Amino acid sequence: MYRLKLLRRAIALCFFYHALQARGVRFFPTIEEENNSLDKDFVHGPAKQILKSLKSNSTEAVTSGQGSSSWDDPYFVAHLTHSGGPNDNYYGLHATMDVYGHELKHGQWSSTTFWINHAGHGNKSSYNVIQVGWHINPDRYGDSHPHFYTCWTRDNYDATGCYNMDCPGYIRVDGAVIAPRDAIHPVSNVPDGPRQCVTLRVLKDKKSGDWWVYYGFNKIPTGVGYFPRSLFSYLAEKADGMQFGAFVKSKKALPTPPMGSGALPNGGKGRAASFTDIRFID
């Protein structure tokens, strides 16, 4: 019963996922509190699939006293493939996600995203990943709007990788309808207003080997930029894992911000956030 109650609390922060209709690929749900630093270990490899407690959105976080960081542990919900097997060969992921606005403070962070990754040879330092989605991050942008963002690394952020175009990596193409860092508006209004959606696709080009990013706001996505093949080691050839989901993070003195729409799946029709039209490229 305790585990069931805990799961219901977690659902209050997580996405209501539509059924995935992808032949031959099984996505595994996970709800997890990650005790390591976000940039170093949060995105590394398949999640452990351990259900842990989630803080309430409506109460102040209690500082545990463990560690010197002023940031609390991130919490994330994701559906993911197993990765690292000889038959785990993926070349892209496509999904449509709702976009929401929340009034966050400095020290709060909420993100909806998906990951294209390769586990490398097993060590964290060989982990390759491309991350694309939207997030609200007042510390990074100075506002509380949702922003389109990208992120990458080839060594689990030990020496390479960055957000957006903060370092050489992601290349925006001429005429792109959006660039990393750009704000997304309007946003979905729960429950009566229209639902605003972003469709994203990350696809490895057959000829060049570059990983192309496609973006569409309430429409079919078009190419907006790419990650050159030369940025990566293992992802230069293929991905061996895919994930889609969301995470939230806050400083210890602040409550955890909303994830997705911030509404329960059973909170009424049209309230819960969602991923739809999920496709993989094998």
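Analyst: A salt bridge is taken here as a side-chain nitrogen of Lys or Arg within 4 Å of a carboxyl oxygen of Asp or Glu. The model is predicted, so local features need pLDDT of at least 70 and side-chain atom pairs count only at pLDDT 80 or more, while totals for chains, interfaces and linings use all residues. Residues are numbered from 1 along each chain as its sequence is written, and side-chain values use heavy atoms, with hydrogens and water left out.

User: How many salt bridges does the structure hold?

Analyst: Counted by that criterion, the total is four.

User: Which residue forms a salt bridge with R195?

Analyst: The closest N and O atoms of the pair are 2.8 Å apart. R195 lies in the loop between β8 (171-172) and β9 (197-204), and its partner, 97 residues away, belongs to strand β3 (residues 92-98); strands (E, at least two residues) and helices (H or I, at least four) are DSSP runs numbered from the N terminus. The partner is D98.

User: Is D98 buried or exposed?

Analyst: Buried means under 20% relative accessible area, exposed over 50%, and partly exposed in between, with a 1.4 Å probe and protein chains only. R195 has 31% and is therefore partly exposed, whereas D98, at 3%, is buried.

User: What is the relative accessibility of D166, which pairs with R140?

Analyst: R140 and D166 form a salt bridge with their closest N and O atoms 3.1 Å apart. The pair links helix α3 (residues 138-141), which holds R140, to the loop between β7 (162-163) and β8, which holds D166. R140 is partly exposed at 29%, and D166 also counts as partly exposed, at 45%.
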